[in-house]
Amino acid sequence: MTRWSTGATATCPANVGAPAVAAEAELRAGLSDANAGVRAAVTELLHRHPGPLSLRLLPGLIADPDEWVRISAIEALVALEDERTLRWLLRALDDPSPNV
């Protein structure tokens, strides 16, 4: 048996995806939290651990109400170095905040 950091126990390969699904759900919850600090922290986490999940979750933050969350999302998308991020980064050029 493998003990996951989430406390879940995997007994067969079919159960391996369960912690990832739970982790994505927690990240999505953090990204929709009312507190901008929570959203920014999750964005930073996705920035530090880039991958397919980052590509799925970060683009929605380009339109976040908090400019610092938007800035963090843009930085994380740039760090992915993936041409699929270009369309979202181009949208960010029209941001109303001069800081973004």
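**Reading a predicted helical model, feature by feature**

User: Is L93 buried or exposed?

Analyst: A residue counts as exposed when its relative accessible area is over 50%. L93 has 67% relative accessibility, so it counts as exposed.

User: Now to the inside. How many residues does the largest nonpolar core have, and which have the most contacts inside it?

Analyst: A core of this kind is a set of buried nonpolar residues joined through their side chains. Here the largest one has 18 residues, and L31, L46, L58, L61, I62 and L77 have the most contacts inside it. Two or more residues come from each of α1 (17-31), α2 (36-48), α3 (52-57), α4 and α5. Of these, α4 gives the most, with 6 residues.

User: Could we zoom in on one of them? What is L58 in contact with, leaving aside its neighbours within four places in sequence?

Analyst: With those neighbours set aside, L58 is in contact with T43, L46, A73, A76, L77 and L80.

User: Let's turn to charges. How many salt bridges does the structure hold?

Analyst: There are 6 salt bridges.

User: Why are E24 and R28 separated by about one helical turn?

Analyst: Because they are 4 residues apart in helix α1. Their accessibilities are worth a look as well: E24 counts as buried at 18%, while R28, at 42%, counts as partly exposed.

User: Which other residue forms a salt bridge with E24?

Analyst: That is R56, and here too the closest N and O atoms are 2.9 Å apart. E24 lies in helix α1 and R56 in helix α3, so this pair ties together parts that are 32 residues apart in sequence. R56 counts as partly exposed, at 49% relative accessibility. Through shared partners, the salt bridges join E24, R28 and R56 into one network.

User: What does the side chain of T85 reach?

Analyst: It reaches the backbone oxygen of D82, at 2.7 Å. Apart from its neighbours within four places in sequence, T85 is in contact with L55, L77 and L80. D82 also takes part in a salt bridge: its side chain meets that of R84 at 2.6 Å, N to O. R84 counts as exposed, at 51% relative accessibility.

User: One last item, the backbone. What is phi of E81, and where is this residue?

Analyst: First the general idea: most residues other than glycine have a negative phi. For E81, phi is near 50°, a positive value in a residue other than glycine. E81 is in the loop between α4 and α5, and with a relative accessible area of 73% it is exposed.

How values were computed:
Residues are numbered from 1 along each chain as its sequence is written. This is a predicted model: local features need pLDDT of at least 70, side-chain atom pairs count only at pLDDT 80 or more; totals for chains, interfaces and linings use all residues. Side-chain values use heavy atoms; hydrogens and water are left out. A polar contact is a pair of N or O atoms within 3.5 Å; within protein, one must be able to donate a hydrogen and the other to accept it, and residues adjacent in sequence count only if both atoms are side-chain atoms. Contact means heavy atoms within 4.5 Å. Buried means under 20% relative accessible area, exposed over 50%, partly exposed in between (1.4 Å probe, protein chains only). A nonpolar core is a set of buried Ala, Val, Leu, Ile, Met, Phe, Trp, Tyr and Cys residues joined through side-chain atoms within 4.5 Å. A salt bridge is a side-chain nitrogen of Lys or Arg within 4 Å of a carboxyl oxygen of Asp or Glu.
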